[in-house]
Amino acid sequence: MKQKRDLFLCITCLLIAFLLTLADGRSNDEALAARIAPEILRFHVLANSNSTQDQNLKLKVRTMLLNSIYEDLGENASLDDTKTYIRSHESILEKKAENYMKNLGFNYPAHMELTDCYFPTKTYGDMVFPCGTYEAVRVKIGEGKGHNWWCVLYPPLCFTDSSYAVVPDTSKEILRHSIDESDYLKLRKEPVKIHVKLKVLDLLPVNKKTAISQNPQ
């Protein structure tokens, strides 16, 4: 009985420690996100549904809108320029998206707005943006009930080609000069890998440990 109780306590302690580590990591990520969010504008596109057609359409609309936005803004647009452009062109971009979809055979409405959204941790090239709340350009296609797609609109980190894995140096420099240097380095830092060494096997009878080692799953 004592051996079973010790085993149960050991497993419980390990689970608690693991959950606390995860919670602390998420808290740190959200704190970092809160510090850098004022200098970042994200882009969020919601598909009408999860059907193959609607998901493919989402990516086509995404590419069309990004190309249009970046072409109109030019290379030297600031964060304020980008937000001002979006606010003054929301209805124009919505109509453009709707006409584009009609030409593809879809009669969906498009809704665009600047809003605050919670984003999970996301990697763009060699930069990792922590989970947290960011201001975003949110595009809803039709009912907006399908899987979404997101990127960073400013600084320009929106890659329509998923195989492209290098963040432009110009975008890195914009970000470096916009946020605290230590926070910038955290964005480029490799995610910390947590190694939990389980000692449960030490509490098991020898014959069980042997059986486990001989039959790994």
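**View 1. The second largest pocket has a volume of about 370 Å³.** Here a pocket is an open set of points, on a 1 Å grid over the protein atoms alone, where a 1.4 Å probe fits and protein lies on both sides within 12 Å along at least five of seven lines. Its volume is the space filled by probe spheres set on the points, which are joined across faces, edges and corners. Of the 17 residues lining this second largest pocket, Y70, E75, P156, T170 and S171 are the closest to its centre; a lining residue has an atom within 4 Å of a point. The elements α2, β6 and α4 each give two or more residues to the lining, and α4 supplies the largest share, three residues. By class, the lining has eleven nonpolar, five polar and one charged residues. Ala, Val, Leu, Ile, Met, Phe, Trp, Tyr, Cys and Pro count as nonpolar, Asp, Glu, Lys and Arg as charged, and the others, Gly among them, as polar. Please keep in mind that this is a predicted model, in which local features need pLDDT of at least 70 and side-chain atom pairs count only at pLDDT 80 or more, while totals for chains, interfaces and linings use all residues. Residues are numbered from 1 along each chain as its sequence is written, and side-chain values use heavy atoms, with hydrogens and water left out.

**View 2. Four strands form an open sheet in the order β2-β5-β1-β6, with mixed pairing.** At the edges are β2 (110-119) and β6 (148-154), each of which pairs on one side only. From one strand to the next, the twist averages 30°. Strands are DSSP runs of E with at least two residues, helices are runs of H or I with at least four, and both are numbered from the N terminus; two strands pair if DSSP finds at least two bridges between them.

**View 3. Strand β1 (residues 41-46) meets β6 in the antiparallel sense, over six bridges.** Look for H44, which stands opposite W150 in β6.

**View 4. Helices α2 (residues 52-73) and α3 (residues 79-103) lie across the sheet strands.** Helix α2 lies across β1, β2, β5 (132-141) and β6 and runs at about 10° to β6. Helix α3 lies across β1, β2, β5 and β6, running at about 130° to β2. Axes are lines fitted to C-alpha atoms, for helices over the stretch in contact (heavy atoms within 4.5 Å), and angles run from 0 to 180 degrees between N-to-C directions.
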